[in-house]
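Morning, everyone. Let's look at side-chain contacts today, rings and then charges. Here is the model.

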Amino acid sequence: MDTALQQNKTFDSIDYSEQRISENEFINCEFINCNFSKSDFSSIDFLDCTFKNCNLSLATLRNTGLKNITFTGCKLMGLDFSASNSFLFSMHFNDCLLDYSTFIYKKLKKTNFVDCSLKDVDFSNTDLGYAVFKNCDLSHATFMDCILEKTDFRSSRNYAFDPSENKIKKTKVSQAALAGLLEKFDLDIE
């Protein structure tokens with residue numbers, strides 16, 4: 001990948017693992033079954049791209065532009081999204097493995113997480129207003145100083161956050177999750 005601009009292209013079943021991919025811009029590209037594990041995406045811009053069944057685990061996202069990106073069936077373990085470029089930052093996740101990733105200080109307003117594993121993900125200081133977590137596992141995910149206004153957690157499981165340490169106006173939660181939201185009060189809920 002030595003061309004500065006890649007546009008309207010499909011990359012299929014290519015192994016880019018542990019490679020530095022720099023000074024490139026990808027517009028309206030599709031990545032299918034590619035291996036980007038431990039790759040370096042520093043200072044690359046992705047605009048209107050889709051990743052399907054790709055492995056991006058432990059990739060470096062320093063100043064990476066992620067603008068209107070859709071990840072489907074991808075393995076995204078241990079990614080530090082907080083290091084990426086915040087300008088026009090917008091993503092959607094379907095059937096992805098995001099365990100141990102970090103979104104600290106990111107704006108994820110209206111982001112959809114559908115059928116995802118989000119175990120041990122750090123959402124501290126993140127704007128998740130109007131976000132939807134549909135059928136996700138949020139075991140040990142951290143929500144501290146987050147905007148969770150009108151966020152929908154109803155069909156997800158294993159989430160817990162302190163309502164007094166997050167903005168939660170009109171947050172949608174399931175009745176079964178109330179114990180996790182009141183955990184710090186050490187209540188005996190029956």
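Aromatic pairs: the count comes to 31. Keep in mind that this is a predicted model.

Take one of them, Tyr16 and Phe36. The ring centres are 4.9 Å apart and the planes meet at 5 degrees, so this pair is stacked. Stacked needs planes under 30 degrees apart. Where do the two residues sit? Tyr16 is in the loop between β2 (10-12) and β3 (25-27). Phe36 is in the loop between β4 (30-32) and β5 (45-47). Buried or exposed? Tyr16 is buried, at a relative accessible area of 8%. Phe36 is buried too, at 1%.

Next pair: Phe143 and Phe161. Here the centres lie 5.8 Å apart and the planes are at 65 degrees, so we call it edge-to-face. The cut-off for that is over 60 degrees. Phe143 and Phe161 both sit in the loop between β11 (132-134) and α1 (178-181), 18 residues apart. Both residues are buried.

Lys106 lies over the face of Phe89, 4.7 Å from the ring centre.

Now salt bridges. How many does the structure hold? Five. I'll go through some of them.

Start with Asp40 and Arg20. Their side chains meet at 2.7 Å, N to O. Asp40 is in the loop between β4 and β5, and Arg20 is in the loop between β2 and β3, so the bridge ties together parts 20 residues apart in sequence. Look at the accessibility of each partner. Asp40 is at 16%, which counts as buried. Arg20 is at 54%, which counts as exposed.

Next, Lys52 and Glu30. The closest N and O atoms of this salt bridge are 2.9 Å apart. Both partners are in strands: Lys52 in β6 (residues 50-52), Glu30 in β4. They are 22 residues apart in sequence, so this bridge also ties parts of the chain together. Lys52 is partly exposed, with 34% relative accessibility. Glu30 is partly exposed as well, with 21%. The buried class stops under 20%.

Last one: Asp152 and Arg154. This salt bridge has N to O at 2.8 Å. Asp152 counts as buried, at 14% relative accessibility. Arg154 is partly exposed, with a relative accessible area of 46%.

That's it from me. Over to you.

Definitions and conventions: Residues numbered from 1 in each chain as written. Predicted model: local features only at pLDDT ≥ 70, side-chain atom pairs only at ≥ 80, totals over all residues. Heavy atoms only, no water. Phe/Tyr/Trp six-rings, centres within 6.5 Å; stacked < 30°, edge-to-face > 60°. Helix = DSSP H or I, 4+ residues; strand = E, 2+ residues; numbered from the N terminus. Buried < 20%, exposed > 50% of the residue type's maximum accessible area, 1.4 Å probe, protein only. Lys NZ or Arg CZ within 6 Å of the ring centre and 35° of its normal. Salt bridge = Lys/Arg side-chain N within 4 Å of Asp/Glu carboxyl O.
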